[in-house]
Every structure is written in C-alpha cells, then in structure tokens.
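Below is a short briefing on one structure, grouped by topic. Please read it alongside the sequence and coordinates.

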Amino acid sequence: MPMADAQPLADGRLAAARATIAAESEGLRVLAAALGDSGSALGRAFDRACATIMAAGGRVVVSGIGKSGHIGRKIQATLASTGTPSLFVHPAEASHGDLGMIATGDVLLMLSQSGETAELADVLAHAHHHGIPVLSITGTADSTLARASTAALVMPAAAEACPMGLAPTTSTLMQLAIGDALAIALLHERGFTVDAFGAFHPGGRLGARLRSVASLMHTGAALPLGTPDDLLPDVILEMTRKAFGCIGIVDETGRLVGLITDADLRRALDRDLRHTRARDVMNHSPVTTTPDALAREALLTMNVRSKPITSLFALAPSGRPVGILHLHDLLRAGVAA
C-alpha cells in the first residue's frame, strides 16, 4: 500500500476505535445514573435481585443465547469466583434434558436484550412450574421476560457503538457491567475474604499472589540460625551452608533478636573476625513477616524500602522464627515477575 494512503487509513481506524469507546463509556455512564439509589426503578430491582439471591439456598443459574449468552457465561464465572455458587445453562441444551440442572432452591438469571428470545421459553416455563425465582437483565421493560421476572434489571436506552446500530456492543457491555455489579454487591454482603478468593483461584499468578507465606517458606533444619555469642567464622559457615544470604540470631528462648546479612559481613571486614561476635554486627530490628501473611504482602515488604531485601524470617506469635522466605521462592511460584 502506498505510504500516502496508509496514514488516512490508520487515522480512520483510530477514529472508529475512539468513537466505539466513547459510545460504550456513555452507555456505562447512563447505566450508573439509572441505578441511582434504592428509590430508582433500576435501583429497586437491583436491591430485590440481590435479596432474592441471598435468600436462596441453591445456585444462581445463568442462561442466555447469542451475545447475551456469551456475556452470561462471564457473569456466571464471576459470581462463582466471588462466593456465589452458580452455573450456566444453555437454553437450547436445556430444552433437550438440561432443565434437570435447574432445581428448587435455585435462582434463574436470564439475559435477553429484547426480552422476547424464543429459546428462553422452555427455561422460563420450567422455572415457573417449580417456583424458581426469575431475575432478568434486559433492555425492554414491557417484554415477556421482564413481566415474568421477580426482579427485572432493565438497562436504560443507549446507542450501540456499531454505526448501523445492529451489532450488540454498548448493550452487551452494560449487561456485563450490571452482572459484575451484582457479583461485587453479593461479595460485600457475604463478607467474602481475600483468603476465600485465593482458595477459588489456586492457579496462575493470581493464585500465586494469594498463597500464604507458610505455603512457600523453608522450615526446620533449613533455617539459618545462630546466637548472639557466635563468632563470625561460625556465622559465615552457617550462612554458607543454608545459602539464604543471611542468618537469624536468636536468644536463649528461641526468639529472633537480630539478623546478619552478607552486607553486614562486608562492613565488618575491618574487624578481627575470629574475635568478633554476632551481637557486634547484627541488625537488632530485622524486617519480618508471619506464616499466615499473603505472598504478595511479603513481596511488598521486601520491595517497599530504599534498599530491597531478599529474605524474610516468618515469626510465630512468640517471636520464634518458624520459616524463612527468599525472593527466589516468590519468583519460582510466579508471585514476582
């Protein structure tokens, strides 16, 4: 392509991209405004939807087809990962046996922009027959789906980013946003914790960052330990054997009272090492962590200082060292990039 033609084409692409994002941002702004407070129609429906889910003893069963189905799958995944048991049922498969997956005690969350999607009819009829509450995310307040719902989350009107107004763009983003809003509101109400989130996300870097120090630290005979009266040759020997670049100094009760690092030893080279004791060169206020701290918190403790450190002792409430964590452990686990 001639260079003269390339720049206008690139400008046109970027203009289309900016227009898309602007249209979708406006949709989200309108949605947030429509939620308003508990006195607005959408706010009342949102509050009722949350209360219905919290009162149910079963799962949130999400269903939708086409683009709404794709959005529904993501909403279901977010609900499940933030403490709300859920599953996705494809409406076409439901009509061929999967209706049995939807049981009394569940709550049905159905997505349809028009609210007239024919494939949802069997699922809707099954829900009403078994007394299963129906929640909906739709763009049409007087639709069949909205009228059949315990709580209809009716999206406000907003222009699609598609210039022809045909491809679901802004509307699906708004569906996704209200689904995320439901999941996070329920997360807060359930008191869902970081530890619980970590239990649901054991894989990948996210899972690694949510692991505890206890799951990564070295324990027992691997700990490099000495006493305040140890001479530096013995300190150096222990540090060399354990290879953490440091040694913890403990008192007669086993409490950590100091730390010696490679840098401390280099600063002591002008001394007579054979007659210098650990107490003479140790840091009396070492930075430490605890076994139940998160790996990401330990990484932050290592890095948030002018001179980052590479090892942390994990202390029991008594002050006794029960483990040691090295930066390499965080690297291997995927916590640190």
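M174 touches G27, L28, L31, M155, P156 and A158, leaving aside residues up to four places away in sequence; contact means heavy atoms within 4.5 Å. This is a predicted model, in which local features need pLDDT of at least 70, side-chain atom pairs count only at pLDDT 80 or more, and totals for chains, interfaces and linings use all residues. Residues are numbered from 1 along each chain as its sequence is written, and side-chain values use heavy atoms, with hydrogens and water left out.

- M174 lies in helix α7; helices are DSSP runs of H or I with at least four residues, numbered from the N terminus.
- M174 is buried at 2% relative accessibility, where buried means under 20% relative accessible area (1.4 Å probe, protein chains only).
- M155 is 19 residues from M174 along the chain, and their C-alpha atoms are 7.2 Å apart.

**Packing of α3 and α7**
- Helix α3 (residues 67-81) packs with helix α7 (residues 170-190) at an angle of about 15°, and their axes, which are lines fitted to C-alpha atoms over the stretch in contact, are 9 Å apart.
- That angle makes α3 roughly parallel to α7, a class for angles under 35 degrees.
- On the α3 side, K67, S68, I71, K74, I75, T78 and L79 take part, meeting T172, Q175, L176, G179, D180, A183 and L186 of α7.

**Cysteines**
- C50 counts as buried at 7% relative accessibility, and C162 is buried at 12%.
- The whole structure has zero disulfides, a disulfide being a pair of cysteine sulfur atoms within 2.5 Å.

Note on methods: Axes fitted to C-alpha atoms, helices over the stretch in contact; angles between N-to-C directions. Helix = DSSP H or I, 4+ residues; strand = E, 2+ residues; numbered from the N terminus. Parallel < 35°, antiparallel > 145°, perpendicular 65-115°, else oblique. Buried < 20%, exposed > 50% of the residue type's maximum accessible area, 1.4 Å probe, protein only.
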